[in-house]
Amino acid sequence: MPLSSYLGSNRRGGGWTQALLPSSSSSATAKSSPKPHPTRKLRERTALINFLFANFFTIALSVSLLFFLLTLFLFGIPKPISSHFRPRSITRRLSSRKKTGSNPNQNGAVVDITTKQLYDKIEFLDKPGGDWTQGWKVSYKGDEWDSEKLKVFVVPHSHNDPGWKFTVDEYYEKQSRNILDTIVETLSKDSRRKFIWEEISYLERWWRDASEDKRESFTNLVKNGQLEIVGGGWVMNDEANSHYFAIIEQVTEGNMWLNDTIGFIPKNSWAIDPFGYSPTMAYLLRRMGFENMLIQRTHYELKKELAWNKNLEYIWRQSWDADETTDIFVHMMPFYSYDVPHTCGPEPAICCQFDFARINGFFYERCPWGHPPIDIDQENVQERALKLLDQYKKKSTLYRTNTLLVPLGDDFRYVSIDEAEVQFRNYQMIFDYINSNPSLNAEARFGTLDDYFQTLRDEADRINYSLPREIGSGEVVGFPSLSGDFFTYADRQQDYWSGYYVSRPFFKAVDRVLEQTLRASEILMAILFCYCNRVQCEKLPMGYAYKFTAARRNLALFQHHDGVTGTATNHVVLDYATRMHTSLQDLQIFMSKAIEVLLGIRQDKSDQTPAQFDPEQMRSKYDAPPVHRAVSAREGTIQSVVLFNPLEQVREEVVVLVVNRPEVTVLDSNRTCVQSQVSPELQHDKSKIFTGRHRVHWKASVPALGLQTYYIANGFVGCEKAKPAKLKLFSNSSSIQCPTPYTCSEVEGDVVEIENPHQTLTFDVKHGLLRKVIQKSGAQNTVAEEISVYSSTGGAYLFVPNGEAVPIIQSGGHLVISEGPLMQEVYSYPMTEWEKTPISHSTRIYNGGNTIQDFLIEKEYHVELLGKDFMDNELIVRYKTDIDNKRIFYSDLNGFQMSRRETYDKIPLQGNYYPMPSLAFMQGSNGQRFSVHSRQSLGAASLKQGWLEIMLDRRLTKDDGRGLGQGVMDNRVMNVVFSILLESNISSTSNPFSNPQPLSPSLLSHRISAHLNHPLHAFIAKKPQDISVQTHCSPFSPLTTPLPCDLHIVSFKVPRPAKYSQQQLGDPRFILMLHRRSWDPSYCQKARSQCTNLADEPVNLFNMFKGLDVLNVKPTSLNLLHEDTEMLGYAEQFGDVTQGRVVIPPMEIQTYKLELRAQQQ
């Protein structure tokens, strides 16, 4: 949001210019000389060196001649250079270079720079740098541009947040509509004017409202290169909390609309406002056909280090990529912000003088340095132009080439014709002066991002900027290669943006529920289209097509970097949440109807006919936690329950339903008895822990992508009823009434245990906390659970703790232990200093007969951080283990890959917190691992050896000075669920402390994460039937065989369902996106159960589905717009695609267009 639109109320400012304004007498920061890059080869022997010196001229002449002939052979005779501004060239497709020598990092990437190396090297002293507060006194000699003149591209832009202080609709009506109107009108006046636009959510809305003339003008501006759509996603997504599925969805939604509507496909990404950057984004963009990226918000000390060594432009390479197939070119902006004062050069007091929208008459903030901008005229143009050119030249010295990018804009700029004209007119006069004076060795003009990157690449083709011994890349020669991520972001001093990893955690959880529900619904829709041979049958999915579009766009909108981050105002959060809630309801209704069709229950009924099933979980409103719908289970009745498995492997797991009566029996689809267990339902209420309802557990088996029916009966003769769990109760304050029909006893002693055939868990009775885990294999781990709070002065963005976290659990409270054949549980309502404790929690283990569940520990925390008692508190859970992890742990990036995290004493506690979208684990020197899987994004840290702490919620009264103007006080009641896994390696593994590469999860860990994040969807028949009525529902199983255990279906869908029947026969109408997970082979390789095959061999798509013919298979990009796999960077072909046999290397995501049709009977 606005950096300088409103004084003191901007996300970037908030007192920055006031508190840290440099004085004119500030001296340059003392800097040490940069260390040389590490060599890749040994030096030649002394004898060889002497020989070379003795024959230097002969050898040099011969080599020069050979090089000249080779150049002519490869590139032909060079064309004359008529201008430094080269016309747009055809995109080069460079094959990856194979590196010489062995890879020291276990087949990982070999690069010049890693972000770990940067963190190790930087002292984080925040030394003042003079005019450039976070840098140094920049200077130049003056001859740097004698042989290659400076080419300046000033890029006008307007950053439009789809929700922040106002909702997306409010911003559109107030500003964004006018900005787009302004762009079309002002650019049409002068072909020299350029502009870039990013957010398709606003463009799509404007396009609906715009006249045909405006649409045509807009399209023409795009086609002639005056207007470039950069990124082209529905939003500019967050990169810390967003899951990779949602990122793909939001970029694809925007890119496909853009291609369908205007015929334009973006190739340059523009991400100036996310609060830190993930390499996952770089990978996804590369596989979507993007060539270049621009980023801004990285730690100011990292910017300084990179700028000092002219490494602000680099090739971003994935940590696992040994073949340079993921390389993408990145431009990092060097200064504090993306507003005009911080983009023209290192001195904001001067740059602000060239933000002509701050001239009196406009509503933007005046320049706080006391020197306002003035209009350019013939009297002052020379002085003004030279002053601005001086900034351009200083900024240019921070980069390797003489091609310079200068953004010109801010949040919601160019809102009126007058504002746009004052910028374009004044800058054009400056450009005309610079360009008419050759002695300045500079050219300046308006440009797009594509103009800049094309000119930079052309210059890099002509001039080699590579440093000695630099690895670089074959993608663009002359720049260093880098791997790693840019978390946690700090914009100044010790202000670390780690608070937003957790802000509004309730809605972060809703985001993931919508995500997995959308994916499951799209799979069901695709399956419906596949197996439908009747036009009437297609009416259901086609009738819901517009609601699917709305759901994708509502999910996409929340990926905005003020949405899923939890950094919007209260009423904007309500708007996001209402949209997601509406889509959740729509998708659940569709799924309810779809399973009827697939099970043969719903024949040719209209899609308007009410569904016969209800989803097992329901939400009464946008901010209410999910409630389990109970099966009535009246005497003499039977009620069907349908389970849908959205995963690509068979699911065998213990499932749970809520019933109103405990005297129930579970039957499978053949009416065969199934072993079951019943236990009381619990709630967060110390005066009434038992709700009066009951939970029935049984082991279910559901085919891959399939459906399975079970029955809950009361009074079924010939089957044993669900076995009641035995209860043990503890309470210091008052007795707990034993519920009917359970047998209860009091807890004896200070320790209580629950166990299954694989592990025993020990708890401290008085505090109700986990203390030890003993595995039946012999391994024993201390796992001391601690629940604590930080006192904090942070806000929505910043985590600012006042000292260490303080434990809140006191001796006392209530404890309920449930012991049964399928599930054992310890429920704790702990004693705290408050009358109503902010947290209660359950610990469960399962016994499903060697299922995946048997090896995990399920933790469910019920959090109510509400009311004045918890102001300015941040609630955490901390696991203190005996694993010697040296304060190193691993957290995931976007649910896609892992990143190595190390706790540094030289940065504050809040800087050692990192995003944890779905997984964090520690590993000791003996290979012991402790993993915590999450189904929502949170923040994690390992502040002391063996500790892993995760923040659960935060309640903050203060604004943290980044423009939001409020704290975070709209907390909601919520449940946070973790799956905890302790593992021992079965073979030798690399030392996790000396290995700088991130470690991979085990195969079992991957499967646990998949089960947690893609749960079974349960649907309950609305009406129970008489137990004497004979019904039979066969399982629905669409896959010929389950997919390999390391292969995940990211997406299986019909991307344009509304146009399904309009597409030509044989054209691919389906999309199948597959991700092959990379896993650590030093841990159990069969994931403990059910894993019979891996994706080492090609997967045959032709034989994947039962009863379906695959008519056409085409590889495509992740955004579905490119079918040339070479331009996407893939190292090898996709296999023999014409025969349906595809090969997917570990870590890769590959997408296929295909046509499916039901086989003729």
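Biologist: Which is the link of Cys-352 and Cys-367, left-handed or right-handed?

Modeller: In this predicted model, the torsion about the S-S bond of that link is -100 degrees, and the link of Cys-352 and Cys-367 is left-handed.

Biologist: How do you know that Cys-352 and Cys-367 form a disulfide?

Modeller: Their sulfur atoms are 2.0 Å apart, and a pair of cysteine sulfur atoms within 2.5 Å counts as a disulfide. By this rule the count comes to 4 disulfides.

Biologist: What does the pair Cys-352 and Cys-367 tie together?

Modeller: Both Cys-352 and Cys-367 lie in the loop between α11 (348-351) and α12 (381-396), so the pair ties together parts that are 15 residues apart in sequence.

Biologist: Why is Cys-367 called buried?

Modeller: Buried means under 20% relative accessible area, and because Cys-367 has 9%, it is buried. Cys-352, with a relative accessible area of 0%, is buried as well.

Biologist: What makes the disulfide of Cys-344 and Cys-351 left-handed?

Modeller: The torsion about its S-S bond is about -85 degrees, so this disulfide is left-handed. The S to S distance from Cys-344 to Cys-351 is 2.0 Å, and with relative accessible areas of 2% for Cys-344 and 0% for Cys-351, each of these cysteines counts as buried.

Biologist: Why does Cys-673 count as partly exposed?

Modeller: Buried means under 20% and exposed means over 50%, with partly exposed in between, so Cys-673, at 41% relative accessibility, counts as partly exposed. Cys-719, to which Cys-673 is joined by a disulfide with an S to S distance of 1.6 Å, counts as buried at 12%.

Biologist: Where in the chain do Cys-673 and Cys-719 lie?

Modeller: Cys-673 is in strand β21 (residues 673-674), whereas Cys-719 is in the loop between β24 (707-713) and β25 (723-724), and the pair links distant parts of the chain, 46 residues apart. The torsion about the S-S bond of Cys-673 and Cys-719 is about -80 degrees, so this disulfide is left-handed.

Biologist: Why are helices α5 and α6 called roughly perpendicular to each other?

Modeller: Helix α5 (residues 168-189) and helix α6 (residues 200-209) pack at an angle of about 70 degrees, with their axes 10 Å apart. Angles of 65 to 115 degrees count as roughly perpendicular, and α5 and α6 are therefore roughly perpendicular to each other. The residues that make the contact include Tyr-171, Leu-180 and Val-184 of α5 and Leu-203 and Trp-206 of α6, and by class the contact has 8 nonpolar, 1 polar and 6 charged residues.

Biologist: What makes β27 and β39 stand at the edges of their sheet?

Modeller: The open sheet has 11 strands in the order β27-β26-β33-β34-β35-β36-β45-β42-β41-β38-β39, and the pairing is mixed. Strands β27 (744-746) and β39 (897-902) each have a single partner strand, so one side of each is left without a neighbour in the sheet. From one strand to the next, the twist averages 20 degrees.

Biologist: How do you know that β35 and β36 pair, and how many bridges join them?

Modeller: Two strands pair if there are at least two bridges between them, and 6 bridges join β35 (residues 839-846) to β36 (residues 857-863), the two strands running antiparallel. Arg-844 stands opposite Glu-858 in β36.

Note on methods. Residues numbered from 1 in each chain as written. Predicted model: local features only at pLDDT ≥ 70, side-chain atom pairs only at ≥ 80, totals over all residues. Heavy atoms only, no water. Axes fitted to C-alpha atoms, helices over the stretch in contact; angles between N-to-C directions. Helix = DSSP H or I, 4+ residues; strand = E, 2+ residues; numbered from the N terminus. Parallel < 35°, antiparallel > 145°, perpendicular 65-115°, else oblique. Contact = heavy atoms within 4.5 Å. Nonpolar A, V, L, I, M, F, W, Y, C, P; charged D, E, K, R; others polar. Buried < 20%, exposed > 50% of the residue type's maximum accessible area, 1.4 Å probe, protein only.
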